[in-house]
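Have a look at the model, then read on.

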Amino acid sequence: MLNHKGTQEIKTERLLLRAVKTDDYKDMYEYMRMEKMSRYVTWKHHENENATKALCEMWVNQYSDERYNWAITLDGKAVGNIDVIEIYGNTAYMGWQISPKHWNKGMVTEAAKAVFDFLFSQVGIEAIEACHIDANIASGRVMQKTGMRPIPTEESVYYKLNHTCEMNGMPVISYKLTRAEWQCKNTQ
């Protein structure tokens, strides 16, 4: 049985992970308007601030004890987010994004590890899954650095929810980390 706590503040070495606020749209629009941000995800780049503001308002309105979506903040500025897209049984299906200004700096890995620790130790999640489009190598590296391992997409939550092994017409690679694997890595 899960012990839902909702989105709690989490501090890492460099970051503060916190609930998204409506005003975060000002920071998030800076990167959500970039076409290169939407290349590997299911959403189109935002053509104006109103689109980002509406998204932030939607996220704020979705918060509950069973909803988990963190703004990734650096020095008080929202530079990305990490989200439990769906809880499927006892498995959390995750997604994340970060401003291109912060690509390849280990920030998503840092945020994901902290969120995984929270979900396993506080909420009681039994497994965490994520996927990426085959061409999005950087997202796959984040998954590997967090200790996740590849699984057949046909066995993934992504497939169960979407009934396909593709996203935007491109193949998807799925990853998983179980509670037992996480515990093993944390006791070494």
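1. A quick word on terms: a residue counts as buried under 20% relative accessible area, as exposed over 50%, and as partly exposed in between. Keep in mind that this is a predicted model.

2. How many salt bridges are there to look at? Searching the whole structure turns up eight. Side chains of opposite charge can pair when their charged atoms come close.

3. Start with Lys-176 and Glu-129, whose side chains meet in a salt bridge at 3.8 Å, N to O. Lys-176 sits in strand β9 (residues 170–178) and Glu-129 in strand β6 (residues 127–133), so this pair ties together parts that are 47 residues apart in sequence. Lys-176 has a relative accessible area of 22%, so the label for Lys-176 is partly exposed. Glu-129 comes in at 3%, so Glu-129 counts as buried.

4. Glu-181 is partly exposed because its relative accessibility is 23%, and Arg-149 is partly exposed at 32%.

5. Buried or exposed: which is it for Asp-24 and Arg-18? Asp-24 is buried, and Arg-18 is buried as well. Their side chains form a salt bridge of 2.8 Å, N to O.

Technical notes: Residues are numbered from 1 along each chain as its sequence is written. This is a predicted model: local features need pLDDT of at least 70, side-chain atom pairs count only at pLDDT 80 or more; totals for chains, interfaces and linings use all residues. Side-chain values use heavy atoms; hydrogens and water are left out. A salt bridge is a side-chain nitrogen of Lys or Arg within 4 Å of a carboxyl oxygen of Asp or Glu. Buried means under 20% relative accessible area, exposed over 50%, partly exposed in between (1.4 Å probe, protein chains only). Helices (H or I, at least four residues) and strands (E, at least two) are DSSP runs, numbered from the N terminus.
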